[in-house]
Amino acid sequence: MYRNEGALSFYKGILPPLMAETPKRAVKFFTFERYKEAFSSFKALPESSILFMSGLCSGLTEAVIINPFEVVKVKLQADRHAFKEQGSTLATAREIIKNDGFGRRGMNKGLTSTLGRHGVFNMIYFGFYHNVRDLLPQAETHGLEIARKLLIGFVSGTIASCVNIPFDVAKSRIQGPQPVPGQIKYRTCLATIATVYREEGYLALYKGLLPKILRLGPGGAIMLLVNEYAFEWMKENL
């Protein structure tokens, strides 16, 4: 890729995730807290279930918002033209809308797999972190307490990545170029997972797991910690 398209080819499709990242993280944490408040009104629900359900609902909400950005990003990354020759992000979005609209062939292509990816990830990410954090005793010093929370956050992001990656693979197959141009092989989430498993084996459903863990393990831990301390600071000072 570097020889044929240049160094900038590694950054194809960077604008859509940059545009989506800040609202995506805001939606993730804001809706988790709102859903947690809503589910807490049901007294019969145990706290552990409330945390997992709130994570699931926050992930589903997040997926609906960011899926159009993902469709544009994948199309840009699949474009084999050199970086300077390909269309802009807005031009690509307009092209998708013009040709396929906003439905499941257009800007909402692969929505079910995105729902699965984010719903499952957030359910485990938030549910595991908050349950384990409250279960384990607090550290004696502030530095060790930060390390304790970072470790729990890292494990949360790692487990969530391992469980949700089949949905991620399905999303990439559905939103990316089809094997035979003009023929749609990958249509729905579960059917795509079944097809990949049948034709390529179960290990194909875990392609890209290591880089995903390297990104979302430490990244997920830092996000949880920063959100927790920022939220506490705002409650005390605002």
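Asn131 is partly exposed, with a relative accessible area of 22%, where partly exposed denotes the range between buried (under 20% relative accessible area) and exposed (over 50%), calculated with a 1.4 Å probe on protein chains only. Asn131 lies in helix H5, helices being DSSP runs of H or I with at least four residues and strands runs of E with at least two, numbered from the N terminus. Leaving aside neighbours within four places in sequence, Asn131 is in contact with Ser48, Leu51 and Phe52, contact meaning heavy atoms within 4.5 Å. The C-alpha atoms of Asn131 and Glu47 are 8.5 Å apart in space, although the two residues are 84 apart in sequence.

The model is predicted, and local features were therefore required to have a pLDDT of at least 70 and side-chain atom pairs a pLDDT of 80 or more, whereas totals for chains, interfaces and linings use all residues. Residues are numbered from 1 along each chain as its sequence is written, and side-chain values use heavy atoms, with hydrogens and water left out. The mean pLDDT of the protein chain, that is, the predictor's confidence in each residue on a scale from 0 to 100, is 89, and 88% of the residues reach 70 or more. Where pLDDT is low, the predicted coordinates should not be read in detail.

The secondary structure of the protein chain consists of eight helices and zero strands. Of the 238 residues of the chain, 40% count as buried. Among contacts between residues at least 6 apart in sequence, 71% join residues at least 24 apart.

A search of the whole structure finds five aromatic pairs, a pair being two rings of Phe, Tyr or Trp (its six-membered ring) with centres within 6.5 Å, classed as stacked if the planes are under 30 degrees apart, edge-to-face if over 60 and tilted for the rest. The rings of Phe32 and Phe126 have their centres 4.1 Å apart and their planes at 10 degrees, so this pair is stacked. The pair links distant parts of the chain, with Phe32 in helix H2 (residues 15-40) and Phe126 in helix H5 (residues 111-135), 94 residues apart. Both Phe32 and Phe126 are buried, and together with Phe29, Phe121 and Tyr125 they form one aromatic cluster. Not counting residues up to four places away in sequence, Phe126 touches Lys28, Phe29, Phe32, Gly55, Ser58 and Leu224. Elsewhere, the charged end of Arg34 sits over the ring of Phe30, 4.9 Å from its centre, the criterion being NZ of Lys or CZ of Arg within 6 Å of the ring centre and within 35 degrees of the ring normal.

Helix H8 (residues 209-237) has 29 residues and reaches 40 Å from its first C-alpha to its last, close to the 42 Å expected at 1.5 Å a residue, the expected span being 1.5 Å times one less than the number of residues. Among the residues buried in H8 are Lys212, Gly217, Leu224 and Glu228. Leu210, also found in helix H8, is exposed, with a relative accessible area of 58%, and its C-alpha atom is separated by 9.4 Å from that of Ser161, 49 residues away along the chain.

Thr195 lies in helix H7 and counts as buried at 12% relative accessibility; not counting residues up to four places away in sequence, Thr195 touches Lys185, Tyr186 and Glu200. Ala78 has its place in helix H3 (residues 47-78) and counts as partly exposed at 31% relative accessibility. Ala78 and Gly176 are 98 residues apart in sequence, and their C-alpha atoms are 6.8 Å apart in space.
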